Amino acid sequence: MKSGKHRVSLLILLCLMVVGLAGCHNKAYSQSIEKGLNAVAENKYQKALTYFDNALAQKPKDEKAQAYRDQTQAYLTTTSELKAGKVKTALTTVDKGVKITNGATSLTNKLKQLKVTVTSDYQEYQQLSDDVKAQLKVKNGNYSADVLKRCAAINWDKKPYLKPLKAKVKQLLTAAKKAKTNMKVSAAEAKRAAALRRKIAAAKNKWNMAALDDVPDWFILALFADDSDVDDAAEELDDEYADQADDNDDYSDWDEQTTDSNDDTNDTDADSADDDWSDQDTDSNDDTDDDSDTNSDADSDSDYSEDDDDYDTDDQYDDDDDYDDAESLLNPAPVQPSVADRLFASASC
């Protein structure tokens, strides 16, 4: 009798243990689901994915936990593909994510919003691809101002989905630069471009006004079309107008050489002045002692004056020649516009 009662007690204890374990599993599962959804609300998708994995560990065959996990993974994969420039693949991935059943409403809404963004990105990519391809077929230099401005204004870090087109875009900008296309801009835009040039030249980079004058107004304006800062603008200039940047370095070297030359000249003049002062003191003492030395000193003073005259005239002419040479480098004489310039000028923008 006692043995039977003992067995019943054991069975009851085992049932309680099973129920307790099940309750623990359910609690851990519920907490994981809740924390995962909270992470989604905070846009912390990688963290949410970990919580949904924990929920699946508690209930491996749970459809809800699996759907939540699949939705989160679709979101993460889509954003990763966009950053890698795989915009078409990203559109397919996010579309599949939106169609997942038994998922969380919050995740479904997030995926729908992401799909709108990806669709817009894909349309921009496709339009730019078509436009650049058409412009690369232009042979007379009469490029589209709108397309060139859009190309020059691209911030590749902010629009990684366009990166597959980067090589073609740069090819087009290079071709436009070689054709010397001079985009028509309004008086107000020209004034703003001048102000932006001063802003770039004032920043700590290797660009000065002389080099920036060779960069078209439309390109200067495009650099700041998406609110880029001066450093970004200077970097784009380095990429697209490397030859002007190199010339700018030459100007800097010339300025340094001129400064060094002036320093050397000043040192030489100072040394000469010291020597001349000493000679004058010595001559003055000698004049007091001997009248014959006075004539000799007069001759010496006369020779010094002639040397001064020679220095003032010859070196002055040499300096003028150097200055004229520098002016021709910094401000080259205007040339007649090329055929491409005239063709483009006659085209509407």
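Hi everyone, let me open with a pair of side chains: Arg69 and Asp53 meet in a salt bridge, 2.5 Å from N to O. By salt bridge I mean a side-chain nitrogen of Lys or Arg within 4 Å of a carboxyl oxygen of Asp or Glu. This pair links distant parts of the chain, with Arg69 in helix 3 and Asp53 in helix 2 (residues 45-58), 16 residues apart.

Before going on, a word on where this comes from. This is a predicted model, in which local features need pLDDT of at least 70 and side-chain atom pairs count only at pLDDT 80 or more, while totals for chains, interfaces and linings use all residues. Residues are numbered from 1 along each chain as its sequence is written, and side-chain values use heavy atoms, with hydrogens and water left out.

Back to our pair. Arg69 counts as partly exposed because its relative accessibility is 22%, and Asp53 counts as partly exposed at 32%. For these labels, buried means under 20% relative accessible area, exposed means over 50%, and partly exposed is in between, with a 1.4 Å probe and protein chains only.

Now the overall picture. The protein has 14 helices and zero strands. Helices here are DSSP runs of H or I with at least four residues, strands are runs of E with at least two, and both are numbered from the N terminus. Of the 349 residues, 30% count as buried. The accessible surface comes to about 21,900 Å², and 50% of that belongs to carbon and sulfur atoms; these areas come from the Shrake-Rupley method with a 1.4 Å probe, and for residues only the protein chains shown count as cover. Among contacts between residues at least 6 apart in sequence, 68% join residues at least 24 apart, where contact means heavy atoms within 4.5 Å.

Let's look at helix 4. The 12 residues of this helix (residues 87-98) should span 16 Å at 1.5 Å a residue, and its end C-alpha atoms are 17 Å apart, which agrees. The expected span is 1.5 Å times one less than the number of residues. Which residues of helix 4 are buried? They are Val87, Ala90, Thr93, Val94, Gly97 and Val98. These residues cover an arc of only 135° around the axis, which puts them on the same side of helix 4. The arc is that of the directions from the helix axis to the C-beta atoms. On the face turned away from the buried side, helix 4 carries the exposed residues Lys88 and Lys96. What covers the buried residues includes helix 3 (63-83) and helix 5 (105-135).

Asp95, Lys99 and Lys115 are linked in a network of salt bridges. Asp95 pairs with Lys99, the closest N and O atoms being 3.2 Å apart. For Lys115 and Asp95, the closest N and O atoms are 2.6 Å apart. Lys115 lies in helix 5 and Asp95 in helix 4, so this pair ties together parts that are 20 residues apart in sequence. As for accessibility, Asp95 is partly exposed at 23%, Lys115 is partly exposed at 28%, and Lys99 is exposed at 59%. In total, the structure holds eight salt bridges.

On to the interior. In soluble globular proteins, nonpolar side chains tend to be buried together. Here the largest nonpolar core has 63 residues, and those touching the most other members are Leu128, Cys151, Val169, Trp207, Phe219 and Leu237. Helix 5 gives the most to this core, with seven residues. A nonpolar core is a set of buried Ala, Val, Leu, Ile, Met, Phe, Trp, Tyr and Cys residues joined through side-chain atoms within 4.5 Å. Cys151 turns up again in helix 6 (residues 145-152), where Ala145, Val147, Leu148, Cys151 and Ala152 are buried. Seen down the axis of helix 6, the buried residues fall within an arc of 165°, so they line one face of the helix.

Asn43, in the loop between helix 1 and helix 2, has a positive phi of about 60° although it is not a glycine. Asn102, in the loop between helix 4 and helix 5, has a positive phi of about 65°, and it is not a glycine either. Asn43 is partly exposed at 46% relative accessibility, whereas Asn102 counts as exposed at 51%. Thanks, everyone!
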